[in-house]
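Reader: I'm new to looking at protein models. Could you walk me through how to read helix packing and salt bridges?

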Amino acid sequence: MALYLTHEDCENHATPSGHPESPARLAALNEHLDRCGLLSDVVCQTPSLASFEDIAKVHNQALIDLLIAAAPTTGLVRIDADTAFSPGSLDAVRRCVGSVCDGVKATLAGDADRVFCGVRPPGHHAESNGAMGFCIFNSIAVGAAVALDQVDRIAILDFDAHHGNGTVEIFQDDPRVLVCSSFQFPFYPYRYQDVDRPNIVNVPMSAGTGSKTFREAIAKEWQSAIETHRPELFLVSAGFDAHEDDPLTQLTFVDDDFQWITKTIVDWADHFAGGRVVSVLEGGYDLDALCRCSELHLGALL
């Protein structure tokens, strides 16, 4: 069984006018998935509000307290130059975290084998002690921490065009978690991109990199690490901003690349993890490309 988790709270995280990470991303995605018929092939589920206790598994309590105190009743508060906090943001990000945690619990209980969380804002830049880069809490990292209560080995695979610095920072010294991140380089966030650990696989790609180089790098760098690690659960930071139409990046992936990487992950999951995959939306800022590639991603998960 496959689950799709989304919630209207995630559209209530407001950003400044013209900001690429806008509520329109999720509205367009859900409308597209409904129109193409994929939502009839999955079980649509309302995600929980994540507990602050679970969030504290990967984030410092001081950061949690700061963000709770900073939540405005009107208007926007800047967390950093790129990241805003609105009256609806705290519930939105708790739904994001809750969706991944719910997906993890469902897969480990045997109630689902594939899960896609259609939520926003993204999370993979958020570090243990700081929000940044559109990200407030690191949803996939919290989900991994929750999963580690039940399994011994997890893989987090991040194909967003931006490096998953927060996920790397949180798990760089935890050999139970393999973190593989492919990303444009040199490029934002310019942090933790040179971490040298057996459980961290960074795959930097220069501007203009396209399908052939991407696929060869994944087959070479990620597959060998996965075969060594033998994950019991696969978590995916699914960013679609490496697409050639994306306005924020200079990679040149096409729609089929996202179908290919998803099928590859599913094959690995079938081999090592009983098919268990929990994926969460990260980046992707051209709405048409985001919708098409998410459709291919969800279709391949099915």
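This is a predicted model: local features need pLDDT of at least 70, side-chain atom pairs count only at pLDDT 80 or more; totals for chains, interfaces and linings use all residues.

Reader: Okay, helices. At what angle do H7 and H8 pack, and how far apart are their axes?

Author: Picture a line through each helix and compare the two lines. Here H7 (residues 211-229) and H8 (residues 255-272) pack at an angle of about 15°, and their axes are 11 Å apart. Angles under 35 degrees count as roughly parallel, so H7 and H8 are roughly parallel to each other. Their crossing is right-handed.

Reader: Which residues make the contact between H7 and H8?

Author: From H7, you'll find Ser211, Phe214, Arg215, Ile218, Trp222, Gln223, Ile226 and Glu227. H8 brings Asp256, Asp257, Trp260, Ile261, Trp268 and Phe272.

Reader: Now the charged ones. Why can side chains pair up?

Author: Side chains of opposite charge can pair when their charged atoms come close. In this model, aspartate 256 and arginine 215 form a salt bridge, with their closest N and O atoms 2.9 Å apart. That pair links distant parts of the chain, since aspartate 256 is in helix H8 and arginine 215 in helix H7, 41 residues apart.

Reader: Are aspartate 256 and arginine 215 buried, exposed or something in between?

Author: Look at the relative accessible area. Aspartate 256 has 39%, so it is partly exposed, and arginine 215, at 23%, is partly exposed too.

Reader: How many salt bridges turn up in the whole structure?

Author: A search finds 15. Take glutamate 127 and arginine 191, whose closest N and O atoms are 2.7 Å apart. Glutamate 127 sits in the loop between strand S5 and helix H5, and arginine 191 in the loop between strands S7 and S8, so the pair ties together parts 64 residues apart in sequence. Glutamate 127 is buried, with a relative accessible area of 3%, while arginine 191 is partly exposed at 34%.

Reader: What does aspartate 245 pair with?

Author: Aspartate 245 meets arginine 292 in a salt bridge, 3.9 Å from N to O. Aspartate 245 lies in the loop between strand S9 and H8, and arginine 292 in helix H9, so this bridge ties together parts 47 residues apart in sequence. Both count as partly exposed: aspartate 245 at 39% relative accessibility and arginine 292 at 31%.

Definitions and conventions
Residues are numbered from 1 along each chain as its sequence is written. Side-chain values use heavy atoms; hydrogens and water are left out. Axes are lines fitted to C-alpha atoms, for helices over the stretch in contact, and angles run from 0 to 180 degrees between N-to-C directions. Helices (H or I, at least four residues) and strands (E, at least two) are DSSP runs, numbered from the N terminus. Angles under 35 degrees count as roughly parallel, over 145 as roughly antiparallel, 65 to 115 as roughly perpendicular and the rest as oblique. A crossing is left-handed if the near helix is turned anticlockwise from the far one by less than a right angle, and right-handed if clockwise. Contact means heavy atoms within 4.5 Å. A salt bridge is a side-chain nitrogen of Lys or Arg within 4 Å of a carboxyl oxygen of Asp or Glu. Buried means under 20% relative accessible area, exposed over 50%, partly exposed in between (1.4 Å probe, protein chains only).
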